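Hi everyone, thanks for making time this morning. Let me put the structure up, and then I'll walk you through it.

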There are 2 protein chains.
Amino acid sequence: MDTIDSSPLSDTLLSEFAALLPAGRALTEASDIAPFVHEERDKFKGRTRLVLRPSTVEEVSAILRLASQTRTPVVPQGGNTGLVGGQVPRSDAEIVLSLSRMDRIREIDPLGRTMTVDAGVVLKRAQEAADDAGFLFPLSLGSEGSCQIGGNLASNAGGTAVLAYGNTRDLCLGVEAVLPSGDIFHGLRRLKKDNRGYDLRHLLIGSEGTLGIITGAVLKLFPKPAGREVAYVGLASPQQALNLLARAESLAGGRLTAFELMPRIGLEFTVRHTQGARDPMAEPHAWYVLIEISSPQSGEDARAVLESILEVAFESGEIEDAAIAQSLAEAASFWRMREEMSWAQKPEGGSIKHDVSVPVALVPEFLDRANALVLEAIPGARIVSFGHLGDGNIHYNISQPVGADKEVFLARWTEINTLVHGVVAELGGSFSAEHGIGQLKREELARTKDAVELGLMRGIKGLFDPFGIMNPGKLL
Amino acid sequence: MDTIDSSPLSDTLLSEFAALLPAGRALTEASDIAPFVHEERDKFKGRTRLVLRPSTVEEVSAILRLASQTRTPVVPQGGNTGLVGGQVPRSDAEIVLSLSRMDRIREIDPLGRTMTVDAGVVLKRAQEAADDAGFLFPLSLGSEGSCQIGGNLASNAGGTAVLAYGNTRDLCLGVEAVLPSGDIFHGLRRLKKDNRGYDLRHLLIGSEGTLGIITGAVLKLFPKPAGREVAYVGLASPQQALNLLARAESLAGGRLTAFELMPRIGLEFTVRHTQGARDPMAEPHAWYVLIEISSPQSGEDARAVLESILEVAFESGEIEDAAIAQSLAEAASFWRMREEMSWAQKPEGGSIKHDVSVPVALVPEFLDRANALVLEAIPGARIVSFGHLGDGNIHYNISQPVGADKEVFLARWTEINTLVHGVVAELGGSFSAEHGIGQLKREELARTKDAVELGLMRGIKGLFDPFGIMNPGKLL
């Protein structure tokens, strides 16, 4: 798979690619290219000479056919919001294929409860289109204003609604994709049941653009909840949060739609650095949980369930305090405390990040063991471990000690990752719960993945992409 | 992939395989083998000289290692309830590997809501183990008393709970499997989020034992509904049933857990041939729907929702009559009318069967067009089209005309399949919604599947199983 050409794209080839598209759809000026090679966290520096913006699946096919013939590496890009560098071109040998111009909502089928969209549709727009048609498309992420459905699928994005609705792959009935050869995979099925052979859809989903380019998808729609209520809860420990989770699941059944854990220090950072943010509680608590209940029946039902959970939890001493949002604005402000937590770490200096999952019941043990190792290695490190407790998925982020040198601290990224991921592995967990592998975790994947599994993955890569032109240097 | 040995298994090799297991776990007597080569519908006649019954994943691994070395074809078998011949050995060259002795419930994790089981656990037992632990494992099939979890996964079984909970693949977090080489795929993960590369789990699920043998699985558990109510509804047409479905989904939200369509003739057959079965309604109706509502809250809530759906539907003229089950016994009798419908066709003579799906909204069009073609081809044919309307999945079964010659009628199986599946294809549907491909639909798959997709499937088969020892002659 190392047959690709790693010399910079020639002017001739550049023109050949550009000629496959209508005028204006091939970007070659540095200023036009800039937004496609820089990502928001500035962790990955990109380079390319050419960004192609096709608007049809046939154009994507023509580009990949030429790329295969000429062994030209292609980096597919959606909203450029990925956190592991999967969407970033690494050199002038690589071209970027942006899906942004493929942005049609192709069809909404209210009876079948499906929505068929181009890969370049921005998630927020997909949510709104579903809403306008009287449905819920539940996928919900911090970057939903700019990330695209194709990228969500390529990375099998998670987010805050996984607890009730599943990961992106669970929200997709069918995909259309272009293979590296230029062949089109016509898998845009609207079927709830289809057992005709191997499930290639699930192979393409989560493959981070290394097997082909997803150009369209059939998404599942859900009934809109009739009512939704949010509470902010103060409690003593992750173990108590886990007890509360079990209680909430047993009382709310399928109506529990979010359960997010946050530490005191994360709340302090957020209040400190986010305009308008305030602590929802009068007294400080060591830990916080945001609970959301959605009722198919009514707001009263959601409220009653939420109140009954909190009442029983309070009586049994599991929680210290709780505030139920009294308005949509207050509910939004509770959610904001959770959503801004990652960004609020930035003004506090360097942050070494992890995106891990373990079996839900083992989250407290994971935190205890990881904290001990990290604080032994870096006394004074400020651990901001928050996230989707209901999914066993913790964003275990470590802010530098107060006054430490940022570069010196960040230089220990791999060392600290190794410590934390060691605990994760011992607990049967994953060092990439929802962000994927990309460039960031590629070596770690190669080092840690079971040899049998890695062998199959490499075989599949070779089968789909014999010349290795699809997003090379990512994932595998 | 035609490198396998098709001569009957030699006595020497037979002894070598038998020596891999404790005494008594290798069956060679015809009377012992009989239950493994005959399937209930008698559509596929099996043959083998050897049935192996390993009880550990290591034993399965040793068998497949030897099978690979000696190019011996292996047919994995669970509860032997498959309807497409996937589990049936075709000749004395093939050995059967039965998973029945791998029947441990390995672990139940109440906080993570998972259950880890051996592949040979019977579905009914898995349901009961979940129930004992205070949870619901929702997979529900006619054959649940004998089918096994491994077979459910290998065939991605559907059933009556798909509407609310998904197909078998949606109920599984991780699998353990043995590859044809004997290598063990250690994918028994209990994680709700894990984005470390290609999803091999979903490739193994639904591959009908052609890529490897699933030996264990992590299954998702769900909260038990607090209340469940069932109604039997009489109405005029599939279009009215579809209108009722839309209404039920909008009023019940996630609480709609079954929506099954049945024609009058199916009810007549069932009443005629099933002991104790009776028509739940005083007057005859052209079509019937069984609706089930499950509430996380209470039986009263389920009842109230069900009543409100029926009330509005009745007022708007969508339905003609409705009976809400007044007891658990009555609910069971309603369900029985649906479950016995397939068997009730048997005393009526030959039945040409289909297991198709189309987008939900197109079910009435499918029925109109298919009926016209079938009745033109075979005047007097009695069409018993019933099934999971909420999934767009219809068991389109055709009983012979009264007094017709059964053999002459059944000889037209392929001709009629071709007519019906032609309509299915034009509507973007599937000719195998939930039963799989096996032997029965293998040629049709090869003939109709998109060349790009078929090429990828064959490539994957070659990658996993270079000597073609895994369940040859099935699926591909």
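I'll start with the ground rules, then take chain A, the interface, and a few individual residues.

This is a predicted model, so to speak of local features we need pLDDT of at least 70, and side-chain atom pairs count only at pLDDT 80 or more, while totals for chains, interfaces and linings use all residues. Residues are numbered from 1 along each chain as its sequence is written, chains are lettered from A and ligands numbered from 1 in the order in which they are written, and side-chain values use heavy atoms, with hydrogens and water left out.

Let's begin with chain A by itself. Chain A has 16 helices and 19 strands; these are DSSP runs numbered from the N terminus, helices being H or I with at least four residues and strands being E with at least two. Its radius of gyration is 23 Å, close to the 23 Å from the globule rule for 476 residues, so chain A is as compact as a globular protein of that length. That radius is taken over C-alpha atoms, and the rule is 2.2 Å times the number of residues to the power 0.38. Along the principal axes, the C-alpha trace of chain A spans about 70 × 55 × 45 Å.

How much of chain A is buried? Buried residues make up 60% of its 476 residues, where buried means under 20% relative accessible area, exposed means over 50%, and partly exposed is in between, with a 1.4 Å probe and protein chains only. As for contacts (heavy atoms within 4.5 Å), 74% of those in chain A between residues at least 6 apart in sequence join residues at least 24 apart.

Now the interface. Here 81 residues of chain A are in contact with 81 residues of chain B. The two chains bury about 6500 Å² between them, 59% of it on carbon and sulfur atoms; buried area is the accessible area, with a 1.4 Å probe, that two parts lose on being put together, summed over both. In chain A, the residues that lose the most area to chain B are Lys193(A), Asn195(A) and Tyr198(A), together 16% of what that side buries.

What about polar links? Across this interface there are 40 residue pairs in polar contact, both residues at pLDDT 80 or more. A polar contact is a pair of N or O atoms within 3.5 Å; within protein, one must be able to donate a hydrogen and the other to accept it, and residues adjacent in sequence count only if both atoms are side-chain atoms. On the side of chain A that touches chain B, the elements giving two or more residues are strand 9 (184–187), helix 7 (200–204), helix 8 (238–252) and helix 16 (451–464) of chain A. The largest share, nine residues, comes from helix 16 of chain A.

The count of salt bridges between chain A and chain B is 10, a salt bridge being a side-chain nitrogen of Lys or Arg within 4 Å of a carboxyl oxygen of Asp or Glu. One of them joins Glu434(A) to Lys193(B), with the closest N and O atoms 2.8 Å apart. Arg189(B) and Glu453(A) also meet in a salt bridge, at 2.7 Å from N to O. Arg189(B) sits in the loop between strand 9 (184–187) and helix 7 (200–204) of chain B and Glu453(A) in helix 16 of chain A, so this pair joins two chains. Glu453(A) is buried, at a relative accessible area of 2%.

Within chain A, the side chains of Arg228(A) and Glu292(A) form a salt bridge at 4.0 Å, N to O. That pair links distant parts of the chain, 64 residues apart: Arg228(A) is in strand 12 (residues 227–235) and Glu292(A) in strand 14 (residues 287–295) of chain A. Arg228(A) is partly exposed at 45% relative accessibility, whereas Glu292(A) is buried at 8%.

Last stop: Lys224(A), in the loop between strand 11 (222–223) and strand 12 of chain A. Which side chain does Lys224(A) join in a polar contact of 3.0 Å? The partner is Asp131(A), 93 residues apart from Lys224(A) along the chain, with their C-alpha atoms separated by 8.0 Å. Lys224(A) is partly exposed, with a relative accessible area of 35%.
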